[in-house]
Every structure is written in C-alpha cells, then in structure tokens.
Amino acid sequence: MPANKPKFYLTTPIYYTNGLPHIGHTYSTIVCDTIRRYKRMRGYDVVMTTGTDEHGVNVERSAKKAGVAESEFVAKMAAEWRALWDELGVQGDEFIRTTDLKHAHTVQWLFKQCRDNGYVYPGHYTGQYCIYDNAYVDVKPGENCPDCGRPTETVTEANFYFKLSAFQKPLLDWYAKHPDFIQPEARRNEVLSFVEGGLRDLSITRTSVRWGIPVPGEEPHVFYVWFDALTAYLSAVGGPQYEKTGFWPADVHLVGKEIIRFHAVYWPAFLMAAGLPLPKQVWAHGWLLMDSAKMSKSLGNVVRPRPIVHVLGMDALRYYLLRETVFGQDGNFSYDALVQRYNSDLANGLGNLASRTAAMIEKNCGGKIPKPAALQRQDTTLATKAQEAIGEVLVQYDKLGFSLALEEIWSLIAATDKYLTTEHPWSLGESEVDQQRRATILWTTAEVLRIATALTHPVLPESTTKVWSLLGQPDQPGSFSLDGLRWGQLAPGKPLGKSQALFPRIEKAEAIERMEAMEKEEQKQPSPVTAHAASPVSAPAAGGAAAAAAPAATEKIGIEDFAKVEMRVGQIKTAERIVGADKLLKLTVDIGTEIRQICAGIAQYYEPEKLIGRKVAVVVNLAPRKLRGVESNGMIVAATVGPEGRPVLAGFPDEDVEIGARLK
Ligand code: MSP
C-alpha cells in the first residue's frame, strides 16, 4: 500500500447490546461497508469502525434477568453482533466495545481535557426514579414507571455537568462555516433550529448507575450514556494518541436520524471543549419501516437479516436496501418488493446479461474475449452511454446517492439488453463479415458488463467478484481503481473464467414462505445469553462501583491472573455511617500488617455496631479511591443476593482464622 494514500475514516453507530441486530441495524452497517469498499476503489486508505455500546441501566437489568454478570452478558452479546457482521461480510476494520480498556482510558482522558479547560462542573440531577428498576424514567412527578407501572420518586443525585450552553455560538459558527457538516439538508435544519433555541448544560455522570466507566477520583460517579458512547469513535483510532494513527478527525459518522442531535451537537461540543479536531461530516439516514412503523424490537415488528441472506444471498439484501430507499429518507420494507427486485434486477438483469454474454462468447469465440472490428453507430452510442455512466455513478456515490447510482447502472444494463435484441448476434452467419460483426457486438457487451461490474462492486461485492473472474479480469474488483475506469480497456484474447451461479430465479411465493418461516424460528430462539448462561451472578464487592472496564467474563483466566488479586482475612475494628451517603459505611479493618480505612456499600443491610469484631474477606491490593469524598483503601468481599442485590458479607463463622491470612 503506497504510503501517500489519503486516509478516510468512517463509522457506524455503536449498537446497544441488549438486543440482536435486525435489518434496521444491518442497513447502517451495509451502507458504511459500501462506502468503505467504494473509497478503497477510489484509492483511499480506509478505516471503518463499528462496535457495541455496552454500559448503562438497561444492560444491568438484562444481565440480572439473564442471571449473569454484566461483563458476561455484554461479552456474549458483542460476540453475537460480531459474528453476524462476519457472516454478512461487513465486519469493518475496527470493532470497538465500550467495555474495552482502551475506550475507558479515552473517555477518562477526554473528561479530564474538558474539565481542565473549565467545561465541567459538579451539580445535582433531579428526575423521577423507579426504585424497583433502579433507574431514572422519563415521566412527570406523580406518574408511574412506564416499564413496571409502580410509583416513581423524585430523586436528586450528585453528578457532573458539561457546559453545553457555552457552545451555542461556537456550534452555530461551525455549522455556518461547514455547510456540509450535517447531511441531509432536512436534518441540518432540524439541528440548527434546536441549537438556535438555546442549549442547556448536560449531565454526563451518574451515581445511581453502577455499570459504567468510573470517573477517576470521583467514584461512585460513572460516565453516563453519550459521553461514553460517542467517544468510542475516537478510542477506535488511537484515543489520546490519535495523531499517531492519522485517522482522526473522522470523515463521516453515519447514523440513524433519531441520534443526529447527539452526533451533531453534543459530540462536536465535547471535542471543542477538549480542544480536539471535529469530524468532517455527520450523515443521518432514514428508518426502515415495517407497515409504516419504525422497525424496532420494542414494537415487535423486526425482520432479521439471516433468513434473507439464507434464501436470496447477501448481495440481494444489500441491493434491495440501497436501491429501494432514497438514502436519507425512510423506506418501507416488504418481502414482496425484495423478491421482486431480486428477480427483475438481479436474476433477469445483471445475472442474465452476464450468463448469456459468457455463453455466446464460449460458443462463438472459443471462450476468449473477441477482438472488435470497426464500431458502428449503435456500438458507439452504447459506449458513450457507458462512459457517461462512469462519471454519473461516481458523482452519485460521492453524494451517497446509492439509489440513483444503481438506477444509472441498471439503465446501462437495460440499454445493453436492448442492444443485444436489436443487434441479435445469435442470428448472424459464418461469413467473415458476420463473424467480425458478432465479435464486435460481443466485445461491446462484455465491455459494458466489465464497467457495470466494477461500478456495482461496492454494493454487490460477492456476485461482482464472480462476474469479474468470469470476464477473465485479474485480481479482485475491489482492488481495481475506479479512477482509471474507461471505455475500451477490455483486452481481446483473454480466456473467460469459470462460470458460477449468480442469481438463480426464484418463485416469489415460495421464497417469501421460506424467509418468513425462518424468521419465525429466529424469533423463537432464546437470547444467546440465557441460552448458554451457566454461571451464577458474580458477587460484586461491597466496596462500591464495580470496575466497569473489566475484561470479558467469558474469558477464562489463568491462575497467575487470579494470583494478582491479594485477598486477606481482616477484622472490622470500627464502623460508622457516612453523612450524605446512605448506602455506605466507613470501616477500619485490621488486615494483619496494618489497619485500613475501607468504605463498603452495606449500610442498608448491616448495623454498624454489629460489625465490630467480625472477620471478613478483604481485597488488599486495590488502588485506593474516594467514595463520596471518603478515602477507601481496599474492598470487602460480599455476595449479591436477591432481586434487589442485597450484599451478604463473605466470612469465616465456623473456623478460627488468623487475621491477615491470605485467601487462595
Ligand atoms: N448505541 C446508540 C448509538 C451510539 S453511537 C455513539 C444506539 N444504538 S441502537 O442499537 O439503538 O441503534 C443504532 C443504529 O441502528 C441507529 O442509529 C440506526 O442507525 C440503526 N437503526 C435501528 N433501527 C433502525 C431502523 N428501523 N431503520 C434504520 N436504521 C435503524 O442508538
């Protein structure tokens, strides 16, 4: 790869792990994958990032429901997402998980930059809280929880605010200076009027959520949703060392329209606050609708990609999604239209043109690309159309106008079909003149096919690779430079490659029946986590927030890893409540070599005075940290029991163990 290739960085949204991908998510990823392939063919050094958004209350809840630790839950779900993208050939170059350690470091670093620059301040967040679900809910005071229907309470918690209000003018100036920053136009207008209406500061940490990246030195604060999630784009390409990779700022963040505001307002404001370069563009696509409603798990109207790919192939799904919907607008999904497109455009269009061209060359030209004689007017008309199509298609791809690009290519395919019908090479005889004419027609047709194949490759990677080798072309179409694509480059004399099945015609009713039956089966499958879960909920320590950036729990660790955790028998010497922290007790614990101060989140379940003299298991080699402003130097081990997560201290009731003895 030449060192001087321009770099191009694009991203899909990072997907929530509390569900599995449907074709709405697949749409975002397919579009990015298409851009990635296209840009490579235009000579760019491309990186595409996708990944999973794994923190927050919803994951806490789903993991609890599945009876597994959060880390185990997200590891399994992320593996499912990754496996599906691999299966569909759209895996991207970077897969970032928000539980990756490098991501936690980037988020903490970004926060520090924003704070050092004066854009972060401590405050309080007040909202309606459901104590049963342990989560804030978006209802008015006095209203019940929309999830469980139980009463909510007005709760105020300490958190950190980001001074979003300071960025109204800088953002408006940025939009004015970079008119293409937000695409399409309708979304740009929407964002502009939102920002013009004034910006309120944003709460970016929580103390009520446990499953998140800790705010260093401010535990139990963890980063809240968007400050965490958006930063993944930067973590994937070097984080604090982004200059070394050279892939920041991003060229395009591709997102669904419902999350444009986070990407076009919050994200640039965070970056401005930290003094970092802003992405060049945020492109919001529309929704895939099913029966006029957004396809979503909560509405129960989702369609999964696997059945479609199984019956019609991946390229069919890609073609349908990119051709049928004008990029940026909503599009309706229907099995009927999908199979219709498959049969008319792929089987009867590209597939048929490729197989009959190859068959005629095989039969009449000894299986080698024929040498054209002098071109006639009909040939040059088609040549001109093909040459114009090259220019037009590239312009459309550059604007992400996929449906227009494909329309242009398919109009060229239709013109070639018509050309074959009017020139009917099959009815020419064996005279020298007829043979030359037939060779010219077949070369012209094969040349159109080569051009159409190269242009379609970003959308139909699998099938165009087959046509490319059928035409005897070297390498893969993906490594062909679209900048060098011209009419007339098809070299005569090259033998055709092996003919491979492209798009076999399919009976519509039967195809739909098969896809719907498979879809029903998919929906019946248990969640991958409940399906395989074997281990019980891991016991979180009673010391407060769990370390959010822990390695995936599915990975087994060696004894040498376990040996890194130093646990000893300790004896509680004093215990007292902490003013303003109703869950925490401040303990002093004798661990044999010294007396330590440790905070433990057990105040709601243990009376301080009853703990004096009790022997407990203590993790003694944890880095000290502050919980609610109180230094905690170590962690008391406890099991978590019952739906409300009651801590039960691990201890040694029946044996006389020495204080300071090591647990192994
Ligand atoms: N995790 C956040 C994004 C954080 S990005 C820093 C999120 N995740 S999501 O899984 O709910 O959705 C991700 C994306 O999936 C949406 O932005 C959208 O691109 C896509 N889609 C989900 N349902 C969709 C449709 N029905 N139609 C088209 N795309 C939709 O939001």
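This is a predicted model: local features need pLDDT of at least 70, side-chain atom pairs count only at pLDDT 80 or more; totals for chains, interfaces and linings use all residues.

Modeller: Happy to. Let us begin with leucine 375, which counts as partly exposed because its relative accessibility is 37%, a value between the 20% and 50% cut-offs. Leucine 375 sits in the loop that joins α13 (335–364) to α14 (377–398). Leaving aside residues up to four places away in sequence, leucine 375 touches Thr380, Thr440 and Thr444. For a sense of scale, valine 303 is 72 residues from leucine 375 along the chain, and their C-alpha atoms are 50 Å apart.

Leucine 400 is buried, with 9% relative accessible area. The backbone deserves a look here too: phi of leucine 400 is positive, near 60°, although the residue is not a glycine. Most residues other than glycine have a negative phi.

A positive phi also turns up at aspartate 475, at about 55°. Aspartate 475 belongs to the loop between α17 and α18, and at 65% relative accessible area this residue is exposed. Glutamine 473 is in the loop between α17 (461–470) and α18 (508–524), yet glutamine 473 is buried, at 16%. The side chain of glutamine 473 reaches the backbone oxygen of leucine 471 at 3.3 Å. Beyond four places in sequence, glutamine 473 touches Arg450, Trp468 and Leu490.

Two cis peptide bonds are worth checking as well. One runs from glutamate 219 to proline 220, with omega near 10°, and proline 220 is in the loop between β10 (205–206) and β11 (222–223). The other runs from tryptophan 248 to proline 249, also with omega near 10°; proline 249 lies in the loop between α9 (242–245) and β12.

Now to the ligand, which has 24 residues around it, the closest being Ile14, Ser28, Asp53, Leu288 and Met295. The side chain of serine 28 places an N or O atom 2.7 Å from a ligand oxygen. Glycine 256 contributes a backbone N or O atom at 3.1 Å from an oxygen of the ligand, and glutamate 258 has a polar side-chain atom 3.3 Å from a ligand oxygen. Of the 650 Å² of accessible area that the ligand has on its own, the protein covers 95%. The elements giving two or more residues to this shell are β2, α1 (23–41), α7 (225–230) and β12 (252–256).

Finally, the aromatic rings: the whole structure holds 34 aromatic pairs. In one of them, tyrosine 15 and tryptophan 85 are tilted, 5.8 Å centre to centre with 55° between the planes. Tyrosine 15 is in strand β2 (residues 15–16) and tryptophan 85 in helix α3 (residues 70–88), so their pairing ties together parts 70 residues apart in sequence. Both tyrosine 15 and tryptophan 85 are buried. Phenylalanine 162 and phenylalanine 167 form a stacked pair, because their planes meet at 10° with centres 5.7 Å apart.

Technical notes: Residues are numbered from 1 along each chain as its sequence is written. Side-chain values use heavy atoms; hydrogens and water are left out. Rings of Phe, Tyr and Trp (its six-membered ring) pair if their centres lie within 6.5 Å; planes under 30 degrees apart count as stacked, over 60 as edge-to-face and the rest as tilted. Helices (H or I, at least four residues) and strands (E, at least two) are DSSP runs, numbered from the N terminus. Buried means under 20% relative accessible area, exposed over 50%, partly exposed in between (1.4 Å probe, protein chains only). Contact means heavy atoms within 4.5 Å. A residue is near a molecule or strand if one of its heavy atoms lies within 4 Å of it. A polar contact is a pair of N or O atoms within 3.5 Å; within protein, one must be able to donate a hydrogen and the other to accept it, and residues adjacent in sequence count only if both atoms are side-chain atoms. Accessible areas come from the Shrake-Rupley method with a 1.4 Å probe; for residues, only the protein chains shown count as cover.
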